[in-house]
Amino acid sequence: MLAFILRRVFQAALVMLAVALVAFALFNYVGDPVNLMLGQDATPEQKAELREALGLDRPFYVQFAVFVGNALQGEFGISLRQARPVSLLIKERFPATAELALTAALLALVLGVAMGVYTALRRGGFLANVLLTVSLIGVSLPTFLIGILLILVFAVTLQWLPSYGRGEVVQLGWWSTGFLTKDGLRALILPAITLSLGTMTLIMRLVRSEMLEVLRTDFIKFARARGLTNRAIHFGHALKNTLVPVMTITGLQLGGIIAFAIVTETVFQWPGLGFLFIQSVQSADIPVMAAYLVLISLVFVTINLIVDLLYYVVDPRLRIERTTAAH
Amino acid sequence: MTDFVLLEVRDLRVEFPTRRGVLTAVDGVSFTLAPGEVLGVVGESGAGKSLTGAAIIGLLEPPGRIAGGQILLGGERIDNLSPEAMRKVRGRKIGAIFQDPLTSLNPLYTVGRQLVETIQTHLDLSAEAARNRAVQLLEEVGIPAARERIDHYPHQFSGGMRQRVVIALALAAEPRVIIADEPTTALDVSIQAQIITLLKRLCRDHGTAVMLVTHDMGVIAETADRVAVMYAGRVVEIGPVAEVIHSPKHPYTIGLMGSIPEFDHERERLVQIDGAMPRLDAIPPGCAFHPRCTRVVERCREVRPELVAVGTTQAACWLVKG
Amino acid sequence: MSAFVKLEHVSKAFDVSPPWLNRVLERKPRVFLHAVSDVSFEIRRGETLALVGESGCGKSTVARLIVGLYKATSGRITIDGQDMRSADDTSEAARALRRRVQMIFQDPYASLNPRWRVADIIAEPIRTHRLITDRAAIERRVAELLGCVKLTAKDGEKYPHQFSGGQRQRISIARALASNPEFLICDEPTSALDVSVQAQVLNLMRDLQREMGLTYLFISHNLQVVHHVSDRIGVMYLGRLVEIGDKRQVFGAPEHPYTRMLLDAIPDLKMTGKARTPVAGEVPNPLDPPPGCAFNPRCPRVFEPCTRERPELLPAHGREVACHAVTRMARAG
Amino acid sequence: MMQALARLLDSDLWWSFKRSPLTVAAAIAAFLCIAGAVFAPWLAPHNPYDLAQISLMNSNLPPVFQKGGSSEFLLGTDQQGRDILSTIMYGSRVSLLVAVCATVMSMLIGVTLGLVAGYVGGRVESFIMRVADIQLSFPAILIALLISGIGRTVLPREMQDQLALYVIILSIGLTGWVQYARTVRGSTLVEKNKEYVQAARVIGVPSFRIMLFHVLPNALGPVLVIATLGVASAILTEATLSFLGVGMPPTQPSLGTLINEGQNYLFSGEWWITIFPGIALIVMVISVNLLGDWLRDALNPKLR
């Protein structure tokens with residue numbers, strides 16, 4: 001157990017280090033920060049001065065160490081576009097993305113698993129076929145188009161829901177939440193649906209195919225032969241075995257939600273990290289890009305770590321060493 | 001023993017609709033099973049023996065379906081029961097054991113949980129009583145330190161021990177009939193002998209009847225009271241086991257017995273049946289065995305022979321005179 | 001006749017250790033699975049030696065060691081005086097040796113590439129070893145080989161899935177024969193087949209041996225089949241040879257308690273009323289074999305040295321046996 | 001040739017194809033989309049990028065079935081007077097080109113790495129699969145964004161539009177290989193242990209020949225399925241990138257670029273500028289996805 005956790009944590013740390021290296025390379029070598037900060041017409045003296053001030057004349061590994069040290073304290077320098085500390089920008093934007101992603105992830109997980117189980121058990125049934133067809137559309141529709149269509153229908157035509165922004169938010173310390181006002185919740189509906197739809201259908205299709213696979217196994221057949229109720233077979237035996245392989249992919253999909261938040265936030269002008277990131281990509285605002293990359297990687301790595309640990313809880317084959325098995 | 005019929009299969013027909021038409025995998029199979037009797041069903045792969053078993057417990061995999069005939073348990077039809085009624089029959093009145101003990105158990109639950117679940121599904125017992133019964137069952141199938149091992153997961157048992165657990169599960173609600181589908185095929189010879197001995201003892205003690213499906217004549221010889229030989233979906237010979245083994249009537253049974261290598265007399269060559277069992281989509285007209293039969297006559301190619309009684313056995317062959 | 005195939009103290013261990021981090025943290029040692037330990041035997045030209053034993057006894061590993069699919073951890077394997085280890089490299093000698101040794105596998109469904117035509121499958125050894133280069137001649141040779149295994153030249157145009165299990169196994173045999181080998185290793189060649197088809201394949205193998213003077217190593221768990229095909233029999237248990245000798249000796253008057261138990265465990269087809277005596281217990285975990293004689297926990301004749309000292313394979317009553325009880329009796333008698 | 005055709009018409013694959021009307025419809029739709037895209041210069045009613053052919057007089061015309069629509073511009077025009085139908089056809093051409101090139105690139109990288117990992121094993125395998133795991137935990141869209149973001153910074157501004165096509169193919173192609181690698185490695189591990197591969201080794205066939213002629217052909221079934229679905233998802237990724245403004249430039253618009261440009265007119269009522277390219281995109285992706293789904297089920301022996 002300890003070795004398992006240690007190995008996972010070590011791998012996670014390795015990934016983070018690799019990401020930090022990429023971010024650092026971005027920061028320092030892609031587009032000369034001195035040029036970016038001073039503009040094209042600065043004098044060589046000015047450049048040299050800034051170079052020294054930024055520590056760019058020091059050896060590579062020292063610079064990297066400083067970068068990592070700063071990153072650990074949440075320091076990523078000054079945004080080139082907005083001329084404000086990156087950490088401040090991120091702190092402002094983080095709650096918006098977190099609330100959106102969390103809502104979407106919950107929607108996707110709960111509905112995705114439920115629909116997946118339903119379509120597997122009622123294979124060939126009418127509603128199951130409808131859900132399957134709809135899910136195909138869900139997989140085939142790009143997130144941004146879903147957003148646009150939802151806006152067209154619910155905001156432009158019917159005028160039921162707002163088409164952009166977070167609505168009214170309440171400040172809790174530095175955290176701003178939209179969960180506590182009616183306006184904020186209304187503003188959340190369309191973006192959350194947009195963001196969750198793709199993941200939801202993916203999870204649903206995955207659960208369905210895994211469940212069908214499990215339902216074909218010998219132990220399910222043997223459970224039927226023992227006369228267990230359908231309830232016990234489907235929800236006791238099949239579902240648990242289905243969730244073991246589904247967990248990994250679901251973990252990855254939740255990471256996907258954060259990535260696609262970029263798109264959703266762009267469509268709905270949602271003042272979150274993704275929107276910030278896309279603006280920084282368009283204007284080559286490297287410090288923000290680097291900070292976003294590190295932060296998002298941290299989230300991914302954490303999700304993956306949790307999924308790995310969940311495996312350990314669910315599957316006794318991992319928990320109990322094979323070699324201790326007696327006869 | 002034979003005056004009371006526990007399980008009766010009448011003219012059973014199992015079909016599989018496919019793109020090239022409907023395939024008949026089991027075709028007019030009839031037999032009876034008395035309480036405490038062991039009926040061996042033997043045949044090569046594709047003969048329809050496992051499907052017959054699956055049809056009896058109502059677990060044919062779609063698109064396979066029972067297309068004709070009746071199955072009676074204690075005089076009552078069970079082939080037309082509702083799914084829910086049939087579920088109550090499974091495990092309670094008819095138990096089943098499958099070939100591979102490695103895959104027959106859910107890997108994520110302890111053996112005890114699976115046993116208790118099965119017991120409580122069919123018997124009105126408290127959790128504690130069910131658990132006690134589970135321990136008792138494990139002891140009965142010869143699992144040492146059952147009280148401790150009940151909380152182990154399937155992967156912590158060896159192959160032979162797992163098959164014992166499977167047997168305990170099949171017997172959990174004291175069914176009157178057990179369908180054992182190749183219960184020893186996946187096991188080594190020495191373990192095979194242990195499992196067969198166990199199965200025989202348990203069924204004698206509980207008075208359970210067994211339909212033993214296997215391709216191994218040796219297992220049949222030492223276990224079964226009667227044996228049905230199947231070929232291409234039909235029973236070609238059925239009778240008391242000693243009779244069928246020592247004086248087989250149907251040319252297929254004769255060939256089958258001759259092709260088994262034996263210790264006592266050394267032969268330069270084995271008796272071989274040329275060709276292979278026909279595929280379901282190409283079953284020859286007349287007697288399905290005629291293309292491989294060395295004693296084929298004109299009528300074999302055209303008219304299908306029915307089972308006729310010869311002494312205590314029955315065989316479906318034109319050369320056999322009743 | 002001198003030995004054609006010779007194994008001297010051949011062992012094969014697989015490293016199945018837990019990952020490094022687990023070993024360090026949980027203080028676990030490296031673990032080796034000794035699949036084959038110190039196995040020595042000879043096969044004479046033209047004879048059939050059979051290896052029997054239950055699953056996990058190492059008989060298939062022996063087969064794979066001889067054809068070079070595995071490398072032996074220690075020991076020496078020679079074929080016609082030539083060391084198999086030279087088969088590692090791509091030298092001309094190694095190629096020549098490969099040509100002379102071929103193998104027939106267990107599963108007729110997995111042993112033929114489903115995407116190749118049968119004719120191409122059979123021609124592969126010919127092309128690989130460049131035995132014939134002329135296309136028409138290859139075609140003729142393939143037709144001839146198909147004839148050898150009672151198939152027709154037209155069957156070469158088909159794909160494996162169009163054949164039954166028995167036919168496929170015959171195609172495998174034709175492929176093995178294509179390089180004119182002298183030594184065939186048959187790893188459970190009939191255990192996936194039905195009995196009536198098994199008889200066809202066994203008869204064919206026997207005919208081919210007669211016609212071509214082939215040497216066979218026949219591996220099987222089925223004692224009746226082994227008895228039928230072999231001249232000599234080796235019985236394996238947990239990676240070791242426990243008894244080896246002439247078929248009539250070993251099966252007629254088994255000396256090792258394990259051989260005896262195996263024979264007793266065979267179902268009695270003649271129904272002489274003799275109940276089969278199940279062997280007590282199960283094969284121990286091969287990662288942690290019992291000390292001394294590996295069979296001692298199941299042996300009815302176990303006595304003091306068995307749990308302490310591993311018995312050597314020694315001649316006794318016209319065969320070789322690795323059993324303290326037998327060698328002591330032999331010495332006393 | 002005739003023989004091969006006859007075999008195809010008799011195969012299970014063709015049978016399952018004929019039996020599913022949805023699949024036939026998808027195949028027809030996919031064929032129309034692809035033909036319309038590939039032959040756009042010959043089939044399109046106008047050339048929207050020929051300045052001589054467009055006129056501001058025709059700007060913002062609604063589609064033909066709405067009031068004010070013209071039969072010359074079946075699906076209406078955009079703000080510059082370009083025929084929407086024609087821009088869609090030209091746009092599909094770009095989308096499809098990017099998607100197919102990126103898929104082929106992913107496939108080549110993935111299949112090679114997967115085959116090598118599966119067949120060689122050991123440290124090579126651990127390394128490749130570890131990289132794949134890490135890559136997989138980052139969504140493709142993010143990596144693609146990063147690559148095109150870097151491209152944007154590194155390349156001189158005047159070259160950006162010219163090179164956009166290559167940058168975007170590269171960024172989508174580089175992120176898609178993991179699935180191929182994992183699948184091919186999986187089937188390679190299975191096939192490698194099958195007895196026909198061992199038989200080839202016993203015969204003395206060299207390793208690379210075994211990989212190429214024995215293992216690879218048997219591992220390709222699932223690759224075909226992934227590639228089909230991969231084209232669909234590459235179309236989506238490209239559209240998303242273009243929508244975000246980091247994909248194809250307006251001078252060389254793909255469907256995503258068109259949707260992005262049209263989006264600004266959504267609120268002022270000119271819905272057709274964005275909705276029709278959107279529909280084209282959806283039809284293209286759904287039909288390809290349907291074909292991929294069918295192929296997966298048809299090739300999966302367990303479902304038969």
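In the predicted model, the side chains of R76(C) and E8(C) form a salt bridge, with an N to O distance of 3.5 Å. This pair joins distant parts of the chain: R76(C) belongs to strand β4 (residues 74-79) of chain C, E8(C) belongs to strand β1 (residues 3-15) of chain C, and the two residues are 68 residues apart. Over all chains, a search of the whole structure gives 47 salt bridges.

A further salt bridge lies between chains, where the side chains of R269(B) and D207(C) meet at 2.6 Å, N to O. The interface of chain C and chain B contains one salt bridge by the rule applied. Polar contacts across this interface number 13 residue pairs, counted with both residues at pLDDT 80 or more. On the side of chain C that touches chain B, two or more residues come from each of α7 (195-212), α8 (223-229), α9 (247-252) and α10 (257-264) of chain C. Of these elements, α7(C) gives the most, with eleven residues. The residues on this side of chain C comprise 17 nonpolar, twelve polar and twelve charged. In total, 41 residues of chain C contact 45 residues of chain B. The area buried between chain C and chain B is about 3,600 Å², and 54% of it falls on carbon and sulfur atoms.

Chain B also contacts chain A, through 31 residues of chain B and 26 residues of chain A. About 2,700 Å² is buried between chain A and chain B, with 60% of this area on carbon and sulfur atoms. The side of chain A that touches chain B receives at least two residues from each of α9 (218-225), α10 (230-268) and α13 (316-319) of chain A. The largest share, seven residues, is supplied by α10(A). By class, this side of chain A has eleven nonpolar, seven polar and eight charged residues.

Helix packing was examined within chain D. The axes of helix α5 (residues 84-120) and helix α9 (residues 177-192) of chain D come within 7 Å and cross at roughly 35°. The crossing of α5(D) with α9(D) is right-handed. On α5(D), the residues in contact with α9(D) include T103(D), S106(D), M107(D), I109(D), G110(D), V111(D) and L113(D), and also G114(D), L115(D), A117(D), G118(D) and Y119(D). The partners on α9(D) are W177(D), Y180(D), A181(D), V184(D), R185(D), T188(D), L189(D) and K192(D). This contact of α5(D) with α9(D) is made up of twelve nonpolar, six polar and two charged residues.

A second pair in chain D consists of helix α11 (residues 207-243) and helix α12 (residues 255-263), whose axes come within 7 Å and cross at roughly 35°. Here α11(D) passes α12(D) in a right-handed crossing. The contact joins A239(D), S242(D) and F243(D) of α11(D) to G256(D), T257(D), N260(D) and Q263(D) of α12(D).

Definitions and conventions:
Residues numbered from 1 in each chain as written. Chains lettered and ligands numbered in written order. Predicted model: local features only at pLDDT ≥ 70, side-chain atom pairs only at ≥ 80, totals over all residues. Heavy atoms only, no water. Contact = heavy atoms within 4.5 Å. Buried area = accessible area lost by both parts, 1.4 Å probe. Helix = DSSP H or I, 4+ residues; strand = E, 2+ residues; numbered from the N terminus. Nonpolar A, V, L, I, M, F, W, Y, C, P; charged D, E, K, R; others polar. Axes fitted to C-alpha atoms, helices over the stretch in contact; angles between N-to-C directions. Left-handed = near helix turned anticlockwise from the far one by under 90°. Salt bridge = Lys/Arg side-chain N within 4 Å of Asp/Glu carboxyl O. Polar contact = N/O pair within 3.5 Å; in protein donor to acceptor, adjacent residues only side chain to side chain.
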